[in-house]
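Thanks for asking me to look this over. Here are my notes, in the order I would raise them with a colleague.

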Amino acid sequence: MEINYVIDTFFAIFAMTLIIFMVPGFAMLEAGLVRTKNVTSVLTVNVMIYAVASMAFLLIGYEVAFGSWDHQDDMSKWAFFMFQMAFVGKVVNIMSGGVSERSRILPLAVFTVIVGAFIYPIIVNLTWGANFLSGTALDISSLSDLAGSTVIHSTGGWALLAAILIMGPRRGRYKDNIVRVIPASNIPLVTLGALLLWIGWFGFNGGSVGTISSKADTVALTIMNTNTAGLSGAITGWLLTYFRYKKFDITMILNGALGGLVAVTAGPDQYDIHTPILIGAIGGALVVLFVPIFDKFRMDDPVGALSVHLVNGIWGTLAVGIFVADVSILTQLKGILIVGMIVFPLSWITIYSINKIFVLRAGDEEQLEGIDATECGIESYPEFKRSI
């Protein structure tokens, strides 16, 4: 067995492990941003997503995406699978966070199965995988998207957009054209979750280079550029929120960082060390700009996932076409549009059907009581339960 095979197998497993840190990252971020009466349900959903999406990908989705298990010679096929499996739950995490505090758990689990087995694997097939549309007008295999600004983040964002349009806002969120502020319950958890996601991104992007034995410098550059974009997004979020509101909003600073990280994900291996500063800054600015825009359209997103993942997934994919000389922005735009035209209708039909059969949205009385009490029977902070 060649040493490079061993090194790259270990690298894939290590990168996968970093990505799995994003599971508690999403869980803590979302648990901190929702009200105390909904924290247990958010944690339950995040654990469920990791288990259910991964199992669906193992049993069905992986072969939908890549055609077979025997297509990888540079490392153990089992390590390659684990690395790819680590991605799949993130698509549903994006959607589930954006419909927090009003979604029932069982219907969300059904949607998770369908995403893990079919919707996400179809997008992987067209971009990183077997490509059943090869040679057709819809072929987007030339899309330059290293770690999934479009393949993962926009896919999750399109699914969330469909869910929000079908489910509507939380009880009492909008009244008489006024946005009712629902404060986060635990800022330390939000901070912990965002920083865990940030750390996980090093495996997310660095591991997507595919090999470290022959591309060690590229891996290092990719991780460096990933971190730089996060720094820039955080700084931009910090400055813009202070300029606009004269307050230091830690949630917006952290979401600015996440926006920068999403934006750089499409091409961190192709940029010089300065370009990610601009890409991340624009990513952070887009978060600050779009969060209130979505609220104006009564699109209730408790964690800002549409702004972070959908808007910046699109921006990050276009950025490769803008800043990398041999990548066509038209190719990038085509990839964005086709993924959107596939994911949004499939998600809409799936969520609409699930909502009709199982009723995805919790009723007003259930929301008033809290999803923890109605769905889980265990409350994270029973002594601090609020009635709002």
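1. Ground rules first. This is a predicted model, in which local features need pLDDT of at least 70 and side-chain atom pairs count only at pLDDT 80 or more, while totals for chains, interfaces and linings use all residues. Residues are numbered from 1 along each chain as its sequence is written, and side-chain values use heavy atoms, with hydrogens and water left out. Helices (DSSP H or I, at least four residues) and strands (DSSP E, at least two) are numbered from the N terminus.

2. Taking a salt bridge as a side-chain nitrogen of Lys or Arg within 4 Å of a carboxyl oxygen of Asp or Glu, the count comes to 9. R35, E101, R102, R170, R173, D295 and D300 are linked in a network of such bridges.

3. For burial, the classes are buried (under 20% relative accessible area), exposed (over 50%) and partly exposed (in between), with a 1.4 Å probe and protein chains only. E101 is buried because its relative accessibility is 3%, and R35 is buried at 5%.

4. Since D300 sits in the loop between α10 and α11, the R173 pairing with D300 ties together parts that are 127 residues apart in sequence. D300 has a relative accessible area of 0%, so it counts as buried.

5. Next, T265, which lies in the loop between α9 (250-264) and α10 (275-296). Is T265 buried or exposed? T265 counts as buried, because its relative accessibility is 0%. Its side chain makes a polar contact (N or O atoms within 3.5 Å, one able to donate a hydrogen and the other to accept it; residues adjacent in sequence count only if both atoms are side-chain atoms) with the side chain of W201, at 2.8 Å. The T265 side chain also reaches the backbone oxygen of L261 at 2.7 Å.

6. Please check two backbone angles. E101 has a phi near 75°, positive in a residue other than glycine, and is found in the loop between α4 (77-98) and α5 (105-127). D176, also not a glycine, has a positive phi of about 55°. D176 is found in the loop between β1 (174-175) and β2 (178-179), and counts as exposed because its relative accessibility is 65%.

7. Finally, the surface. L278, I322, F323, I329, L330, L333, L337 and M341 form a nonpolar patch with about 750 Å² of accessible area together. The elements giving two or more residues to the patch are α11 (305-323) and α12 (329-358), and α12 supplies the largest share, 5 residues. Patch members have over 30% relative accessible area and no salt bridge, with like charges joined within 9 Å and nonpolar side chains (Val, Leu, Ile, Met, Phe, Trp, Tyr) within 5 Å; accessible areas come from the Shrake-Rupley method with a 1.4 Å probe, and for residues only the protein chains shown count as cover.
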